[in-house]
Amino acid sequence: MTGGTVLVAGVGNIFLGDDGFGVETVRRLSAHPLPEGVEVVDVGVRGVDLAYRLLDGYRTAVLVDATCRGGVPGTVHLIEAAAELLGVPVLDGHRMGPDAVLALLATLAAGTGGEPPGRVLVVGCEPASLEEGIGLSEPVAAAVEAAVQVVLRVVDEATQPERETTPC
């Protein structure tokens, strides 16, 4: 176990245009001071590695990736993801996005005894282009700072001490 409370993972392929959004966002995020217990990693296209990391006992995981949801390119989404088996996981070393990682998570947890995070969020950005090429499109590059701010808010909430309630 890592002992951390929050894992922020940048996901994506920098050689496919806007698919590099998650990688660029965590690169920019690492310039910010973060609370103790927060780990920021660039997992790139290493989806199986991410799945095993998610079993290290984090309370919260934030996956940052390009996310096609039919919106305007550059739109940043905050999605609450269920860390449960979503179907039969498809192992494809070339395309293991957050959905495939989460589908694999329950199977790996059962096989390894690892503990998945209690909460999994995806900070996604609507891509303009996922074609071969290095570099983000203009609307996605402009959205990186907004995504960093969303991640910082989520991290702040996740690292706040549990509020104790006093009985009435």
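The questions and answers below concern this predicted model.

Reader: In what order do the 5 strands of the open sheet lie, and which strands stand at the edges?

Author: The open sheet has mixed pairing, and its 5 strands follow the order 2-1-3-5-4.

Reader: How do strand 1 and strand 3 run, and which residue of strand 3 is the bridge partner of L7?

Author: Strand 1 and strand 3 are joined by 5 bridges and run parallel. For L7, the bridge partner in strand 3 is A61.

Reader: Is T60 buried or exposed?

Author: T60 is found in strand 3, and, leaving aside neighbours within four places in sequence, its contacts include T5, V6, L7 and L121. Because buried means under 20% relative accessible area, T60, at 7% relative accessibility, counts as buried.

Reader: How many of the 9 residues of helix 1 are buried?

Author: The buried residues of helix 1 pack against strand 1, strand 2, strand 3, strand 5 and helix 4. Among them are F21, V23 and L29. Helix 1 (residues 21-29) is mostly covered, and the number of its buried residues is 7.

Reader: Which residues make the nonpolar surface patch of about 340 Å²?

Author: One of them, I134, lies in the loop between strand 5 (119-125) and helix 4 (138-159), and with a relative accessible area of 67% I134 is exposed. The nonpolar surface patch is made by I14, F15 and I134.

Notes. Residues are numbered from 1 along each chain as its sequence is written. This is a predicted model: local features need pLDDT of at least 70, side-chain atom pairs count only at pLDDT 80 or more; totals for chains, interfaces and linings use all residues. Side-chain values use heavy atoms; hydrogens and water are left out. Patches are made of residues with over 30% relative accessible area and no salt bridge: like charges are joined within 9 Å, nonpolar side chains (Val, Leu, Ile, Met, Phe, Trp, Tyr) within 5 Å. Accessible areas come from the Shrake-Rupley method with a 1.4 Å probe; for residues, only the protein chains shown count as cover. A salt bridge is a side-chain nitrogen of Lys or Arg within 4 Å of a carboxyl oxygen of Asp or Glu. Helices (H or I, at least four residues) and strands (E, at least two) are DSSP runs, numbered from the N terminus. Buried means under 20% relative accessible area, exposed over 50%, partly exposed in between (1.4 Å probe, protein chains only). Contact means heavy atoms within 4.5 Å. Two strands pair if DSSP finds at least two bridges between them.
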